[in-house]
Amino acid sequence: MSILFHNVTFDKINIYKKTIKKYFKDEKIISINDYKKFNDVEYAIIWDLPDIVLSKLKNLKVIFSMGAGVDHILKLKNYDKKIPIIRIKDPEMGKRIANYSLAQILNYQLNFKIFQNSQNKKYWSGERTPIDNENLTIGILGLGFLGTYIAKVLIKLKYNVIGYKKSIVRSSNIKTYSKKNLNKFIKNSDIIISILPATPQTDNIINTSFLKKMKKKSCLINIGRGNAIDENALIKHLKRNKEFYAYLDVFKNEPLKSSSKLWTLPNVTITPHVAGVTAIESAIKYMFKKYKMYKKNNTLKSDIKSIKNFY
Ligand code: GLV
């Protein structure tokens, strides 16, 4: 039987292929060009698979997302909910996304954006007092696997950390707010890190009313999905509030169009969806572990149900 591997987006695709071959020794690895072998495909390791290809995989047993997100699968019309989806829950990815978050928090609290804008104008802006970690409350909007990982890293560094989850289903020592007290979560945060998945419930959750409740001197980091932010509302907010910063890694439409106003606002930093780059070896190892569980039990618990509960 075979594994269909498809990803035309990520860096280092050849290393992915080699690593998949190294672990999944008993399976043939095929690509979307091997359409004559589609009936042999039982497993798919994918990112952005065309829907038409999915419709042809009649013997598919398990889908492995190559990232933490599964929106690229759920949006496919031919996705059959009975097929379990496994997404990457990997501490190595956690380390990367926590580093990214920390870099942007430090950028904000040490005024680096201001100094960068001054440098562009060859202007010596003079001393500015940084904000100390103990005086910052970081609100993690989306306390799932990765959100919790980031929270733990920040707590070790003496930041105050609070979290938001749609419904609180797990006990945790992080002060967590749910839907009914979202406003309190917003008001109590100095910095908000959005790490929400793309679901109908998270669409434009960060809208005008949300932004107005945030502190004027504040910062928003988006490392979840772009659907969570009403981009026009954010642009208006950034224009009105010069001491409000946005560090954006994900967008409604990627790549972000060159016509987007976000590129040119002085209080915005843009990165190209790189906050939580998949760590190849550990991700494939994780998939292999799940694959062996499936082989042993002939069934596998899908990650989809848990995603619904986590955020
Ligand atoms: C990246 O966005 C991922 O889902 O891993």
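Does Phe24 count as buried or exposed?

1. The model is predicted. In it, Phe24 counts as buried, at 1% relative accessibility, because the cut-off for buried is under 20%. Phe24 is also among the residues with the most contacts inside the largest nonpolar core, together with Leu154 and Ile193.

2. That core has 53 residues. Helix H10 (residues 280-297) gives the most to this core, namely eight residues. The core lies between domain 1 (2-90 + 278-308) and domain 2 (91-270), because both give residues to it. Beyond its neighbours within four places in sequence, Leu154 is in contact with Leu102, Ile105, Ile138, Ile140, Tyr159, Val161 and Ile193. There is also a second, separate core of 29 residues, and Ile162, Met214, Ala228 and Ile235 are included in it.

3. The aromatic pairs come to eleven. One of them joins Phe24 and Tyr291 edge-to-face, with 4.8 Å centre to centre and 70° between the planes. Phe24 lies in the loop between helix H1 (13-23) and strand E2 (28-30), while Tyr291 lies in helix H10, so the pair ties together parts that are 267 residues apart in sequence. Tyr291 is buried, with a relative accessible area of 5%. Both Phe24 and Tyr291 belong to one aromatic cluster with Tyr23, Tyr43, Phe288 and Tyr294.

4. Tyr164 and Phe185 form a tilted aromatic pair, at 5.9 Å centre to centre and 50° between the planes. Since Tyr164 lies in strand E7 (residues 160-164) and Phe185 in helix H7 (residues 182-188), the pair ties together parts that are 21 residues apart in sequence. Tyr164 is buried at a relative accessible area of 4%, and Phe185 is buried at 0%.

5. An open sheet is formed by seven strands in the order E8-E7-E6-E9-E10-E11-E12, with parallel pairing. Strand E8 (175-177) and strand E12 (268-270) are the edge strands, each pairing on one side only. From one strand to the next, the twist averages 15°. Within the sheet, strand E9 (residues 191-194) pairs with strand E10 (residues 218-222) over four bridges, and Ile191 has Cys219 in E10 as its bridge partner.

6. Helix H4 (residues 91-109) lies across strand E6 (137-141), E9, E10, strand E11 (244-248) and E12, and runs at about 160° to E10. Ser218 has its place in strand E10 and is buried, with a relative accessible area of 0%. Not counting residues up to four places away in sequence, Ser218 touches Tyr108, Asp190, Glu243, Phe244 and Tyr245.

Definitions and conventions:
Residues are numbered from 1 along each chain as its sequence is written. This is a predicted model: local features need pLDDT of at least 70, side-chain atom pairs count only at pLDDT 80 or more; totals for chains, interfaces and linings use all residues. Side-chain values use heavy atoms; hydrogens and water are left out. A nonpolar core is a set of buried Ala, Val, Leu, Ile, Met, Phe, Trp, Tyr and Cys residues joined through side-chain atoms within 4.5 Å. Buried means under 20% relative accessible area, exposed over 50%, partly exposed in between (1.4 Å probe, protein chains only). Helices (H or I, at least four residues) and strands (E, at least two) are DSSP runs, numbered from the N terminus. Domain bounds come from an automatic or database domain assignment. Contact means heavy atoms within 4.5 Å. Two strands pair if DSSP finds at least two bridges between them. Axes are lines fitted to C-alpha atoms, for helices over the stretch in contact, and angles run from 0 to 180 degrees between N-to-C directions. Rings of Phe, Tyr and Trp (its six-membered ring) pair if their centres lie within 6.5 Å; planes under 30 degrees apart count as stacked, over 60 as edge-to-face and the rest as tilted.
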